[in-house]
Amino acid sequence: MNQQEIARKKRVMHVGIWLILICVCVILYSLHTGSIRLSPYEVLRTLVGLGSEDDSLVLFEYRLPRIVITILAGMGLGISGAILQGLYRNSLADPGVLGLHAGAAFGLVVFVSFFRSLDGMISLVLPLFTFAGAVLVAVLIVLLAYDRHKGVLPIRLILVGIALAAGFSAITLFLSLRLDEGTYAFAARWLAGNVWGREWANVLALLPWIVLLVPYAWLQSKVLDALLLGDEVATSIGAPVHRKRFLLMGTAVALASVSVSMAGGVGFIGLAAPHLARRLVGPLHQYMLPIAGMIGVVILVAADTIGRSIFQPNAIPAGVVVAAVGAPYFLYLLAKTK
């Protein structure tokens, strides 16, 4: 192992430790904020089993499930964006920009049209509907952005994604207007990026997808590195380009769609997290993917905490907080990208 590789691993370790510390601080702050405030001392007592019955109810039945969901969803969105940017060599690729969130929203509205309640274990089915909607958009994107001689063109990918996002958003709005008042209010909050999953059943619906797909994505790091060199070079060094691209695209779609199924239509995390990770640890996906996932966690947990605490008594959806920062960042990247 040469000195450069050793220095890179040390840098990744230092960045990872700092991100973990930041995330822990944000989580601890999130635990004692909300409509019912708990002091840091009460939070610590409750976490070790010495808190009152009311404090335990607030912490373990309301706040912890929501925080776990933001952790899982933030990780899924960050890694999904990193996969998409590596697959298509496009720094502007993002689940929201490509229309995957619009497809997931379409699946969600179809779901709530059949199931009026999302309480309890019925929420386990929701990720399947958002995944199906996102897959539909992904298939259309690949078909419309594909060139017979050059494969999937990166710039056409973005343009097709934006067009499909607009189209599916219009269909989703039309279908949502046919819902009853309560269901429509839920759909509107979800589209704004409201983290609605607040039960352990919602965590259970999201956890298996993240646990299975995140390690798989990391194991394909060398394939993503090869794809950055171009399809011809990747094929020449023995990478099964078409099969791996199909599997990795499915992985990115699944991570994005199931994450927003519980966290709402949060955008820009999949765009910003990979960029920040690339600047911190370099382009190698072996190091970049975990850091992008951790940055996604920090962004979403912090955005949800800010929305719930600073704007009390009116909570602001996490998607609005992320968009307030993410939109200018997207414009900056757009201006910088040639």
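Reply: Helices here are DSSP runs of H or I with at least four residues, numbered from the N terminus. On that numbering, Asn194 lies in the loop between α7 (181-191) and α8. Bear in mind that this is a predicted model.

Me: Why is Asn194 called buried?

Reply: Buried means under 20% relative accessible area. Asn194 has 12%, so it counts as buried. Leaving aside neighbours within four places in sequence, Asn194 is in contact with Arg66, Arg189, Ala263, Gly264 and Pro317.

Me: What makes Thr130 buried?

Reply: The cut-off is under 20% again, and Thr130 comes in at 0%, so it is buried. Thr130 sits in helix α5 (residues 126-145). Not counting residues up to four places away in sequence, Thr130 touches Gly103, Ala104, Gly107, Leu108, Ser257, Val258 and Ser261.

Me: And Phe268, why is that one called partly exposed?

Reply: Phe268 has 22% relative accessibility, so it gets the partly exposed label. You'll find Phe268 in the loop between α11 (241-263) and α12 (269-281). Its phi is near 75 degrees, a positive value in a residue other than glycine.

Me: Why is α1 called roughly parallel to α13?

Reply: Two packed helices are described by the angle between their axes and the distance between the axes. Helix α1 (residues 3-31) and helix α13 (residues 285-309) pack at about 20 degrees, with axes 10 Å apart. Angles under 35 degrees count as roughly parallel, so α1 is roughly parallel to α13. Their crossing is left-handed.

Me: What makes α8 roughly antiparallel to α11?

Reply: Helix α8 (residues 200-219) and α11 have axes that come within 10 Å and cross at roughly 155 degrees. Over 145 degrees counts as roughly antiparallel, so that is the name for α8 against α11. This crossing is left-handed as well. Among the residues of α8 that take part are Leu206, Trp209, Ile210 and Leu213, and those of α11 include Leu248, Thr251, Leu255 and Val258.

Me: What makes a group of residues a nonpolar core, and which members of the largest one touch the most others?

Reply: The largest has 100 residues, and Ile83, Leu87, Trp190, Leu206 and Ile291 touch the most other members. Helix α3 (residues 53-87) gives the most to this core, with 13 residues. As for Ile291, setting aside neighbours within four places in sequence, it is in contact with Val12, Val15, Gly16, Leu19, Ala277 and Val281.

How values were computed:
Residues are numbered from 1 along each chain as its sequence is written. This is a predicted model: local features need pLDDT of at least 70, side-chain atom pairs count only at pLDDT 80 or more; totals for chains, interfaces and linings use all residues. Side-chain values use heavy atoms; hydrogens and water are left out. A nonpolar core is a set of buried Ala, Val, Leu, Ile, Met, Phe, Trp, Tyr and Cys residues joined through side-chain atoms within 4.5 Å. Buried means under 20% relative accessible area, exposed over 50%, partly exposed in between (1.4 Å probe, protein chains only). Helices (H or I, at least four residues) and strands (E, at least two) are DSSP runs, numbered from the N terminus. Contact means heavy atoms within 4.5 Å. Axes are lines fitted to C-alpha atoms, for helices over the stretch in contact, and angles run from 0 to 180 degrees between N-to-C directions. Angles under 35 degrees count as roughly parallel, over 145 as roughly antiparallel, 65 to 115 as roughly perpendicular and the rest as oblique. A crossing is left-handed if the near helix is turned anticlockwise from the far one by less than a right angle, and right-handed if clockwise.
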